[in-house]
Amino acid sequence: CSLASLFNRTPSSGPSRPTVVKMGHFAVSQAPWWSPDSFGLALVVALLSTACWGSWSNTAKAAGDRVNFAHYYTDFCLGTVLTALCGLATLGACALGGPEVDTGRALYAAAAGAVFGVANLLLVTGIALAGLSIAFPLCIGTGLVLGTVLTYLVDRRGHPELLFPGVLLALLGVLANAGAYAMLQRSRAQAGEEENPMQESESCEETSVEETSTVGGQPSIAKNIAMCVVGGVLMGCWAPLSARSMAGAQGLSPYFSFLCFVCSCFVVGISILAAQQAGCSLIPRVGARTTLREYMALPPLLHGWGLLGGAIWAVGTMSNLVSGGPLGFALSYALGQTAPVVAVLWGLGWYREFNGAPQDAVLYLVAMFLLFFGAIALLCLGGM
């Protein structure tokens with residue numbers, strides 16, 4: 001079909017709502033909140049979530065060592081809540097749902113937020129302790145596959161013969177991404193040892209002492225891997241819970257569902273951070289111990305990085321949920337999880353992370369791009 005017909009085409013069998021208007025083989029919801037009215041527009045909104053999920057971490061890099069992780073994450077959570085409120089008040093038309101809405105569905109959205117809050121902190125901690133090449137495929141890879149499968153069981157729209165091969169290609173893309181970073185890190189470590197082996201040895205000793213003191217004792221490799229796997233399993237569980245909160249005529253609007261999601265995520269995240277500062281959390285602390293007074297004394301500009309990061313992530317997640325209505329929640333979630341390709345583009349173009357990288361790392365990157373683009377193509381075809 002032509003590009004024009006794709007964007008004029010109404011989405012296939014969106015979630016049932018009280019009032020619908022039939023257009024061709026598809027139904028467009030007449031809900032009071034804004035939602036895409038064609039497959040092409042819904043696809044663009046879903047890909048916006050990919051761009052946002054792959055870009056928000058730039059704010060953490062910009063904040064750098066100037067902001068304690070607990071301070072940044074607190075502002076990040078605040079940014080998500082403020083953005084969700086703005087979304088509900090504007091595009092969401094302050095609607096909880098349709099005429100038959102069951103507000104008890106908010107419990108599913110809150111559960112999804114609580115699960116994501118734990119999973120996201122496990123992912124961040126796993127990257128800090130085990131490294132990107134281990135934590136990323138275990139957390140994101142597991143979350144991608146499990147989340148898509150479980151969400152498809154909740155919302156069986158799309159063509160599984162195309163959706164799941166697309167998910168497999170995306171998983172291979174995640175593995176190729178991790179492999180490229182592993183080779184880059186290994187190459188830089190070897191180059192550093194060759195330049196000054198004595199200085200490198202002293203640096204490693206200092207880093208080990210610092211990490212032990214700031215994280216409260218380094219867990220074993222097995223515990224790090226277990227933490228990443230648990231994070232991946234939890235990362236794969238929030239999407240079906242969120243989809244369940246919006247399914248059917250009694251479902252919540254995506255904007256209200258997202259507000260419940262981020263409020264729960266905020267409470268869980270702040271509770272875990274507070275427990276980490278008190279030394280009674282099962283999740284190891286990332287960064288130095290801090291206090292509320294130090295957080296309040298942080299300059300407004302440095303608070304801004306966390307707030308901006310939360311806003312970007314929230315726009316992406318809201319886009320993912322809104323596009324899930326017309327496209328199918330499994331498809332929108334899987335498309336969002338191709339975000340690593342955007343993060344790598346930032347690394348290549350802005351941060352020049354792969355300047356001087358070995359040839360094998362470059363080949364892994366090429367493979368990653370091909371796999372992700374193939375995944376996006378299959379996922380799009382699977383939703384038509």
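Buried means under 20% relative accessible area, exposed over 50%, and partly exposed in between, with a 1.4 Å probe and protein chains only. At 5% relative accessibility, Thr-80 therefore counts as buried.

The model is predicted, so that local features need pLDDT of at least 70 and side-chain atom pairs count only at pLDDT 80 or more, while totals for chains, interfaces and linings use all residues. Residues are numbered from 1 along each chain as its sequence is written, and side-chain values use heavy atoms, with hydrogens and water left out.

**Overall composition**

The chain holds 16 helices and 2 strands; helices (H or I, at least four residues) and strands (E, at least two) are DSSP runs, numbered from the N terminus. Of its 384 residues, 51% count as buried. Contact means heavy atoms within 4.5 Å. Among contacts between residues at least 6 apart in sequence, 84% join residues at least 24 apart.

**Packing of helix H5**

Two packed helices are described by the angle between their axes and the distance between the axes. Axes are lines fitted to C-alpha atoms, for helices over the stretch in contact, and angles run from 0 to 180 degrees between N-to-C directions. Helix H5 (residues 106–130) packs against helix H11 (residues 254–278) at an angle of about 40°, with the axes 7 Å apart. Angles under 35 degrees count as roughly parallel, over 145 as roughly antiparallel, 65 to 115 as roughly perpendicular and the rest as oblique; H5 and H11 are therefore oblique to each other. Their crossing is right-handed, whereas H5 passes H9 in a left-handed crossing. A crossing is left-handed if the near helix is turned anticlockwise from the far one by less than a right angle, and right-handed if clockwise.

Residues of H5 that meet H11 include Ala-106, Gly-113, Phe-116 and Leu-121, and among their counterparts in H11 are Phe-256, Phe-261 and Leu-273. By class, this contact of H5 with H11 has 15 nonpolar, 5 polar and no charged residues. Here Ala, Val, Leu, Ile, Met, Phe, Trp, Tyr, Cys and Pro count as nonpolar, Asp, Glu, Lys and Arg as charged, and the others, Gly among them, as polar.

With helix H9 (residues 221–235), H5 packs at an angle of about 150°, the axes being 8 Å apart. H5 and H9 are therefore roughly antiparallel to each other. Phe-116, Leu-123 and Leu-129 are among the H5 residues in this contact, which meets H9 at residues including Met-227 and Leu-234. The contact of H5 with H9 has 13 nonpolar, 5 polar and no charged residues.

**Core and buried residues**

A nonpolar core is a set of buried Ala, Val, Leu, Ile, Met, Phe, Trp, Tyr and Cys residues joined through side-chain atoms within 4.5 Å. The largest such core has 97 residues, of which Trp-238, Phe-258 and Trp-313 touch the most other members. Beyond four places in sequence, Trp-313 touches residues including Trp-53, Phe-116, Phe-261 and Thr-80.

| Residue | Relative accessibility |
|---|---|
| Thr-80 | 5% |
| Tyr-295 | 12% |
| Asn-320 | 2% |

Thr-80 is found in helix H4 (residues 69–89); leaving aside residues up to four places away in sequence, Thr-80 touches Phe-258, Val-262, Gly-310, Trp-313 and Ala-314. Tyr-295 belongs to helix H12 (residues 292–296). Tyr-295 and Ala-70 are 225 residues apart in sequence and 8.6 Å apart in space, C-alpha to C-alpha. Asn-320 lies in helix H13 (residues 300–327).
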